[in-house]
Amino acid sequence: MTDLSEKMKGFVFNLDGVIVDTAKYHYRAWRRLADEMGVDFPIEQHEQLRSLSRMESLEKILEWGGLYMTEAEKLHWADVKNNWYQGLIANMSPEEVLPGVLPFLMEVRRSGGRTALSSASRNARAVLASTQLEPYFDVILDGSAARKSKPHPECFQLAAAALDLPPAECIVFDDAVLGVQAARIGGFHIVGIGNPEDLPAAELVISGFENYRLADILEAVEKLASTEHIG
Ligand code: G6P
C-alpha cells in the first residue's frame, strides 16, 4: 500500500475528459443544434467549449455563426440541447469509464486519500450513476454548486472545503486549459490530462491514468512542488 504523503490528501477530479469521455456526446448534441441553425461546427472547434457552462457554450456557437438570440430563445435552445445530451448519456455503462481511472480511484481510497468530483456539468450525477462511479467519491459537486465559471477556482475551492483540506494539500486532475488555470489560481496542485503542449501551466501532464500508480503521481508532483512555488 502506498503511504500518502503528509502533504497530499485530497484528490479532486473533473469529470468530462478525465473520468469519462462525455465530450463526444456533448459534441453530438451541440452539432445537432449547430446544424439546425446552419452554423458550421467542426469537431476541432469543440475543444474550445471544454469546461464552459451550457449557456457559455451556446453563446460561443451563436458567436461563431454570427447569430443573435434573445435570452428566452437561448434558454429554450440550451434546454433542447440538454434533452438531446441526456438521451445520449442515458445508456452509458461502466465500460465507458476511461482506462485506469477505477484502479487509480481505488488505490487513492485504499491509501487514505479523500476524493472529490468537481464538474461544471449539471448532468454529472447522472453520468456517475450510469457508470456506477458514485461510491468512489467522498464528495460530488456538479454544475449547480459553483456560481463562478472557470478560470475562477470556486468549483475546486468548494471541493477542498467539503473535503476539509486546504488547496495546497489537494491535487486537481483536469483536461482543459481553463481548469488548469482555475487550479493554479486557487493554489492547488494540478495534473493535466492530455498533451503537455496543450496544458503548459499544469505541474505534470499525463495522457490518462492507465500507466500510472498513485506513488508515481505523488512523487512527480511533490518533486515539482519543492522546486517551484505554486499560487
Ligand atoms: C463540462 C463540459 C462542458 C459542458 C459543461 C456543462 O464543463 O466540459 O462541455 O458544457 O460541463 O455541462 P451540462 O451537462 O450542464 O450541460
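Colleague: How many salt bridges does a search of the whole structure find?

Modeller: A salt bridge here is a side-chain nitrogen of Lys or Arg within 4 Å of a carboxyl oxygen of Asp or Glu, and by that rule the search of the whole structure finds nine. Please keep in mind that this is a predicted model, in which local features need pLDDT of at least 70 and side-chain atom pairs count only at pLDDT 80 or more, whereas totals for chains, interfaces and linings use all residues. Residues are numbered from 1 along each chain as its sequence is written, and side-chain values use heavy atoms, with hydrogens and water left out.

Colleague: Where do Asp35 and Arg31 lie?

Modeller: Both lie in helix H1 (residues 23-37), four residues apart, about one turn of the helix; helices are DSSP runs of H or I with at least four residues, strands are runs of E with at least two, and both are numbered from the N terminus. With buried meaning under 20% relative accessible area, exposed over 50% and partly exposed in between (1.4 Å probe, protein chains only), Asp35 is partly exposed at 47%, and Arg31 is partly exposed at 34%.

Colleague: Which parts of the chain does the pair of Asp174 and Lys150 link?

Modeller: The side chains of Asp174 and Lys150 meet at 3.1 Å, N to O, in a salt bridge. This pair links distant parts of the chain, with Asp174 in strand S4 (residues 170-174) and Lys150 in the loop between strand S3 (139-141) and helix H7 (154-163), 24 residues apart. Both Asp174 and Lys150 are buried.

Colleague: How much area do domain 1 and domain 2 bury between them?

Modeller: The size of an interface is often given as the accessible area lost when the parts come together. The domain assignment, which is automatic or from a database, gives domain 1 (4-21 + 96-230) and domain 2 (23-89). Between them they bury about 1,200 Å², 42% of it on carbon and sulfur atoms, where buried area is the accessible area (1.4 Å probe) that two parts lose on being put together, summed over both.

Colleague: How many salt bridges does the rule find across that interface of domain 1 and domain 2?

Modeller: The rule finds one. Elsewhere in the list of pairs, the side chains of Asp175 and Arg50 meet at 2.3 Å, N to O, and Glu47, Arg50 and Asp175 are linked in a network of salt bridges.
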